[in-house]
Amino acid sequence: MRVVIDHISKIYIDRRGERTEALRDIHFSIEENEFVVVVGPSGCGKSTLLNIVAGLLSSTSGQVIFEGARTDSKPHTAVVFQDFALFPWRTVLKNIVYGLEERGVKKEEQFQIAQRYIALVGLQGFENKYPHQLSGGMKQRVSIARALANDPLLLLMDEPFSALDAQTRTLMQYELSRIWEETHKSLLYITHNIQEAVFLGDRVVVLSRRPGTILEIIRIELPRPRGEHLTLEKKYLEYVDAIWSHIKNQAREAMEEEV
Amino acid sequence: MIKEVHQPLVEKAIVQDKTYFLQVKEHPWLSLFSFMVILLLWEGVSRFEWVPPLFLPAPSAILLEGWTMLKTGVIFKHIFASLSRILWGFLIACSLGVMVGILIGFFSIPEAIGNPIIAATFPIPKIAILPLLILWLGIGEASKVAVIALGVFFPMVINVYTGVKNVDPLLIKAALSLGSNRARIIKKVILPSILPMIFAGMKLGIGIALLLVVAAEMVAADAGIGFMILTAADLMQTKKLMVGLIILSFLGIFFNWLFQKLERFFIPWKQ
């Protein structure tokens, strides 16, 4: 299985007919079991790209191709959103089985699958809580479990930890790293955080500011499993520095630009 | 360089909470006490006949009248007549209102067709339509139920429409990415999202229903609280009239309480 993002471009046209070019000729692929991170300054169209891959937005040109995809009813993608997007009227368990319900999986099987992912993300004891009773970090665990429970070909994560405080965010990065070691799910991860990109990714796709184009694709040759110790290593810091030097000017221009 | 001129120092300055007056204070006894005082004043005014009891009967006399009406059972005939009209009108209005509201909120073609019709008919006071409804449906139950249904339908449909328009688009996206189709999204995302708005519509609606049932029964009826109040007034039975008003007050309080309980039950995720 391989996902090809084939020369994607996106131009938004608003009601007054004004054109905004968000993405220009984005071309790369995600291999089976690969963790690909897209990093870029704010307003570079990262989320636009993710929405196009998820089938939640149409591209202006280019397409997303799943090569060697399964023919079963399981979805191609599942999304973990920045703002969790949990259904407030569903308990943790009910949120996690949502996709399984939609696929007509039997009740007992839904429950078994849910239990597996509840254990994986560490939500035991919270099954019958409502989202409003959970902290941000716990909410995002639910969202990750909900996405994984569908066993998608490609997991999509759209700045999943941006809504969390800095400490929780760091802990959740370790958590995600651990979860990924256990599942090795093909993953497309969007972030503006370079440290996060280097810490998590097998490859990092660096985007320029609007219109988003690929500046560089960097393979991160750091050993796995990756843990806390990694962030002190020289090689890690060199990767971070290399990407920052690419994005620095872009980010500054983005900051000074009018919204 | 910015230089500040220092004032002479005081020994101690203790920081005060400036928001103390915003803290919620409850006076449960005051509410009860003032209510009792008003009742007592009223009782006195009537007992000493400062106002003729024909115009303002004493609370105790009204209570007694209510008790005899309860014992003889005449009161139930009127209450049941009004309640069944409210119930039917309310049920029809709520189910239609929710369906139409979702339809015009979620689909663009029904929205284009429905919106101007609602905008044009909403401002008409519903009681003004009653004569037309009597012309169409006759003088019996149907026209009364219809006028209540019409009155409750509008707040319901407008609330539901607004609710659908304000459903978090992210939740719809999440449901789509988890494999829902449009019909499933209406059932599993839109409906639970708009439940609070449906209850708000019901609370608005029940007030309107009480108003309209009384009005309709005053126009043409042989039973019902509205009918009872009107005939009591015609016969100068002020006590009986007052009993009718008290029943209406109780009904309003009861329905509010009921909807609050139902809301807690159906929306457990809202604390």
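A salt bridge, as the term is used throughout this tour, is a side-chain nitrogen of Lys or Arg within 4 Å of a carboxyl oxygen of Asp or Glu. The model is a predicted one, in which local features need pLDDT of at least 70 and side-chain atom pairs count only at pLDDT 80 or more, while totals for chains, interfaces and linings use all residues. Residues are numbered from 1 along each chain as its sequence is written, chains are lettered from A and ligands numbered from 1 in the order in which they are written, and side-chain values use heavy atoms, with hydrogens and water left out.

**Stop 1: the interface**

Select Glu101(A) together with Lys188(B), whose side chains meet in a salt bridge with an N to O distance of 2.5 Å. Between chain B and chain A there are three salt bridges. Extending the selection shows a network of salt bridges that links Arg90(A), Lys94(A), Glu101(A), Glu102(A), Arg184(B) and Lys188(B).

Now select the whole interface, where 18 residues of chain B are in contact (heavy atoms within 4.5 Å) with 20 residues of chain A. Leu178(B), Lys188(B) and Trp269(B) supply 38% of the area that chain B buries against chain A, more than any other three residues. The buried area, meaning the accessible area (1.4 Å probe) that two parts lose on being put together, summed over both, is about 1,800 Å² between the two chains, and carbon and sulfur atoms give 66% of it.

Eight residue pairs, both members at pLDDT 80 or more, are in polar contact across this interface; a polar contact is a pair of N or O atoms within 3.5 Å, where within protein one must be able to donate a hydrogen and the other to accept it, and residues adjacent in sequence count only if both atoms are side-chain atoms. On the side of chain B that touches chain A, the elements giving two or more residues are α7 (169-177) and α8 (182-219) of chain B, with α7(B) giving the most, seven residues. Helices here are DSSP runs (H or I, at least four residues) and strands are runs of E (at least two), numbered from the N terminus.

**Stop 2: Tyr130(A)**

Select Tyr130(A), which is found in the loop between α4 (107-121) and α5 of chain A. What does Tyr130(A) touch, not counting residues up to four places away in sequence? The list is Pro88(A), Trp89(A), Arg90(A), Thr91(A), Pro268(B) and Trp269(B). Tyr130(A) counts as buried at 19% relative accessibility, where buried means under 20% relative accessible area, exposed over 50% and partly exposed in between (1.4 Å probe, protein chains only).

**Stop 3: the nonpolar cores**

A nonpolar core is a set of buried Ala, Val, Leu, Ile, Met, Phe, Trp, Tyr and Cys residues joined through side-chain atoms within 4.5 Å. The largest one has 91 residues, of which Ile5(A), Phe28(A), Phe87(A), Leu188(A) and Val189(B) touch the most other members. Its largest share, 16 residues, comes from α8(B).

Centre the view on Val189(B): leaving out residues up to four places away in sequence, Val189(B) touches residues of both chains, including Phe87(A), Trp89(A), Tyr98(A), Val167(B) and Leu171(B). A second, separate core of 54 residues includes Phe35(A), Leu86(A), Val97(A) and Phe199(A).

**Stop 4: salt bridges within the chains**

Over all chains the count comes to 24 salt bridges. Select Arg141(A) and Glu175(A), whose closest N and O atoms are 3.0 Å apart; Arg141(A) lies in helix α5 (residues 136-149) and Glu175(A) in helix α6 (residues 166-183) of chain A, 34 residues apart. Arg141(A) is buried at a relative accessible area of 18%, and Glu175(A) is buried as well, at 18%. A polar atom of the Arg141(A) side chain also lies 3.0 Å from the backbone oxygen of Val121(A).

Asp151(A) lies in the loop between α5 and β6 (154-158) and Lys185(A) in the loop between α6 and β7 (186-191) of chain A, so the pair ties together parts that are 34 residues apart in sequence. Asp151(A) is partly exposed at 22% relative accessibility, whereas Lys185(A) is buried at 14%.

Finish in chain B with Arg85(B) and Glu217(B), whose side chains meet in a salt bridge (2.6 Å, N to O). Arg85(B) lies in helix α3 (residues 74-106) and Glu217(B) in helix α8 of chain B, so this pair ties together parts that are 132 residues apart in sequence. Both Arg85(B) and Glu217(B) are buried.
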